[in-house]
Amino acid sequence: MIYVVLFFLGFSLLLYVLLAGADFGAGIVELFSSKENQEITKKTVYRVMGPVWEANHIWIIILIVILWVGFPAYYNILVVHLHIPLTIMLLGVTLRGVAFVFRHYDAYKDKSQVLYDNMFKFSSLVTPIFLGTIFGAMVSGNIMLSEQASFKLVFIDSWLNVFSILVGLFFASLCAFLSATLLIGEAEKGNEKIYIKKSGIAVISVVLIGFITIAYGYFNNIKFVMDFVKNPYAIIAMAISALLLIPLWFSIKNGRRIKSRAFAGMQVVLILFAAIVTHFPYVIIANSKAISILDNTAPESTITNLGVTLIIGALVILPGLFHLLKSFKMIKILEQ
């Protein structure tokens, strides 16, 4: 049953990156647009995201609950040693949600709309940066487990370092790429070129920042990166990802809705697979040792109950989510 729980943990992570990542990216695309294009994007984002944006955060809630119930030792390390970036990330999620609601539903239109717009755009950038930074901190080898270390070493240096921030920037650029690619097929006629251009720029950003991150980690002897470039499964995944950049680029350039989304989704799956398979089950690399997620798990009875609950929950949630997306025409498999 432990592997059933791990499957749902990975599945929740994947869906959160794909769905919430595209949501975060919408604000990033809007932030890095001209004033005229910002208004176009604002209307498009509201039309596309409005019915479903709250549902996307269910996956991180499920992920956190699985860690809390099934893997308390891992949960403890994250919420204690990385509580600062986690708090900033949660504040970003909250402020972004507040801004999204008030900039569309505020009954009185005044200068406060500028505040809501800026809050939405900047929190959409900050939140994925800190989400990526958290993962970077988990694998950077800077988490200090010793209780004798200073506050700075334990709670600051673990995440406030070049490698972790580069991972954060990489994830933010990935979110922008996902959103721009999604918006190609959702834009009103005549506006597709805006997002075709944005998606192309985002692809370049993802590749460039990804290369810089790997290069920095390699030349600074960061264990995760050193093992990443030696892991055959990670290398194969990245090789496939690189090959898929060619059809992805042509799909984006030609405004192919389904193909561009499919290739974008494949890129995310391959990147996540490469990142996790490098050290699995040792997902946290501390300064003194790598820590397996399979160590110090909850009692077997708890894992069994958690696995059964997740299976039952999936049978309820997934059809409901599919119906929600289909009802608001977010699923258009046969349309080109």
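**Contacts, core and overall form**

Visitor: Among contacts in the chain between residues at least 6 apart in sequence, what percentage join residues at least 24 apart?
Guide: This is a predicted model. A contact here means heavy atoms within 4.5 Å. Of the contacts between residues at least 6 apart in sequence, the share joining residues at least 24 apart is 79%.

Visitor: How many helices does the chain have?
Guide: Both helices and strands occur in the chain. Its strands number two, while its helices number 13.

Visitor: Why is the chain said to be as compact as a globular protein of that length?
Guide: The globule rule gives 20 Å for 336 residues. The chain is as compact as a globular protein of that length because its radius of gyration, close to that value, is 20 Å.

Visitor: What percentage of the 336 residues are buried?
Guide: A residue is buried when its relative accessible area is under 20%. Among the 336 residues of the chain, the buried share is 50%.

Visitor: Which residues touch the most other members of the largest nonpolar core?
Guide: In soluble globular proteins, nonpolar side chains tend to be buried together. The largest nonpolar core in this chain has 95 residues. Those touching the most other members are Ile66, Phe71, Phe177 and Phe224.

Visitor: Which residues does Phe71 touch, not counting residues up to four places away in sequence?
Guide: Phe71 is one of the core residues that touch the most other members. With residues up to four places away left out, Phe71 touches Ile2, Val5, Leu6, Leu9, Ile66, Ile293 and Thr297.

Technical notes. Residues numbered from 1 in each chain as written. Predicted model: local features only at pLDDT ≥ 70, side-chain atom pairs only at ≥ 80, totals over all residues. Heavy atoms only, no water. Helix = DSSP H or I, 4+ residues; strand = E, 2+ residues; numbered from the N terminus. Rg over C-alpha atoms; globule rule 2.2 N^0.38 Å. Buried < 20%, exposed > 50% of the residue type's maximum accessible area, 1.4 Å probe, protein only. Core = buried A, V, L, I, M, F, W, Y, C linked by side-chain atoms within 4.5 Å.
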